[in-house]
Amino acid sequence: MTAPDTAAPASTALLALDVGNTRLKWALYDRPEPGARLLAHGVQFLENIETLAEGDWRALRPPRWVLGSIVAGAGVRQRVEEQLELWDAPVQWVVPRPAEAGLVNGYDHPTRLGSDRWVAMIGARQRLLARGEARPCVVVMVGTAVTVEAIDAEGRFLGGIILPGHGIMLRALESGTAGLHVPTGEVRAFPTNTSDALTSGGTFAIAGAVQRMWDNLSRHTGQTPVCLMTGGAGWKMAPHMTVPFELVEGLIFDGLLAMARERFAASMPARA
Ligand SMILES: Nc1ncnc2c1ncn2[C@@H]1O[C@H](COP(=O)(O)OP(=O)(O)O)[C@@H](O)[C@H]1O
Ligand SMILES: CC(C)(COP(=O)(O)O)[C@@H](O)C(=O)NCCC(=O)O
Ligand SMILES: [K+]
């Protein structure tokens, strides 16, 4: 039996969430698969989560599915879930698996990997495959923390590193010393004042860490890796990188769409 043409079409919209330690990023798509149309998107600092249901989300097309990555704590998760009560759609929070969407998880305990790292790597792998580049890949995420992951040409996540982001590095130095309370400086090759010394130090630490992982992966695979960089503070690093890289927005959302296809596409209404 087919539904009459006059019936209102059921929503096939997907709300994708990326909840980090500083900000919640969200994107609403018309369907749960790569290539879906972006209907709306936004970002809120975690302290403003309570405004979402009455604010940004109020007039949205109601999603049928909600798929999210969260690395913030249980309290934040609870607060996000309260806002999601606006709709009937239950939320699925990603838990990294041993393998998913073409990627194999090399972590000792796969579920202990940050879900944002797993989802971004799936997004990176999909992006490379879509353009026919099954090459080793370094994935850099510059957020509250910085993560640098290594994936080989076959889609195996070999391992990755975690280091403090710009803000945490500065706050750590400020709180651990007497003489480092200074304004933000410039990145210089040879800093000659405290502000520039701190800003350059943090930037070189991140750029150097990426260089090191890129070298490790080159040596391990014997191939030249692709480097994809994403995250809220990626633009700050872009002028100072020492390996060839691409700054890509929304790697996490690419990953969430690929996972959504595997989870939800089967329950999509057949297209005319
Ligand atoms: N408007 C902005 N101005 C300056 N820095 C920003 C801005 N937005 C984001 N950032 C930087 O990006 C980081 C947050 O990036 P994001 O990817 O949202 O992190 P997370 O996923 O950890 O919440 C902040 O720690 C800050 O360094
Ligand atoms: C490393 C992270 C803190 C990064 O968080 P973010 O900067 O995106 O807020 C997060 O991915 C996390 O909590 N990971 C769990 C531990 C791990 O990945 O090994
Ligand atoms: K993140």
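Biologist: What should I know about the ground rules?

Modeller: This is a predicted model, where local features need pLDDT of at least 70, side-chain atom pairs count only at pLDDT 80 or more, and totals for chains, interfaces and linings use all residues. Residues are numbered from 1 along each chain as its sequence is written, while chains are lettered from A and ligands numbered from 1 in the order in which they are written.

Biologist: What makes Asp116 buried?

Modeller: A residue is buried if 20 or more other C-beta atoms lie within 10 Å of its own, exposed if 12 or fewer, and partly exposed in between, with C-beta atoms placed from the backbone. Asp116 has 27 such atoms within 10 Å, so it is buried. UniProt, in an unreviewed entry, gives Asp116 the feature "active site"; positions from that record follow the numbering used here, feature names are shortened, and annotations may be inferred rather than shown by experiment.

Biologist: Which element holds Asp116, and what does it touch?

Modeller: Asp116 sits in helix α2 (residues 115-130). Helices (H or I, at least four residues) and strands (E, at least two) are DSSP runs, numbered from the N terminus. Contact means that two C-beta atoms, placed from the backbone, lie within 7 Å. Leaving out neighbours within four places in sequence, Asp116 contacts Asp18, Gly20, Ser69, Val71, Met141 and Ile252.

Biologist: Which residues does UniProt list for "binding site"?

Modeller: The unreviewed entry lists Asp18, Val19, Gly20, Asn21, Thr22, Arg23, Leu24, Lys25 and Thr144. They are spread over 127 residues of sequence yet cluster in space, with a largest C-alpha distance of 13.4 Å.

Biologist: What makes β8 largely enclosed?

Modeller: 6 of the 6 residues of β8 are buried, so the rest of the structure largely encloses it. Cys137, Val139 and Met141 point one way, and Val138, Val140 and Val142 the other.

Biologist: Why do β6 and β12 count as edges of the sheet?

Modeller: The open sheet has 7 strands in the order β6-β7-β10-β9-β8-β11-β12, with mixed pairing. β6 (99-100) and β12 (246-247) each have a single partner strand, so one side of each lacks a neighbour in the sheet. β6 pairs with strand β7 (residues 103-105) in the antiparallel sense over 2 bridges.

Biologist: How do you know that the span of α4 agrees with expectation?

Modeller: The expected span is 1.5 Å times one less than the number of residues. For the 28 residues of helix α4 (residues 194-221) that should be 40 Å, and the end C-alpha atoms are 40 Å apart, so the two agree. Just after α4, Gly222 takes a positive phi of about 70 degrees.

Biologist: Where do the two domains run, and how many residues are in contact?

Modeller: The assignment, automatic or from a database, gives domain 1 (14-95) and domain 2 (99-255). Their centres, taken over C-alpha atoms, are 24 Å apart, and 13 residues of domain 1 contact 12 residues of domain 2.

How values were computed. Two strands pair if DSSP finds at least two bridges between them.
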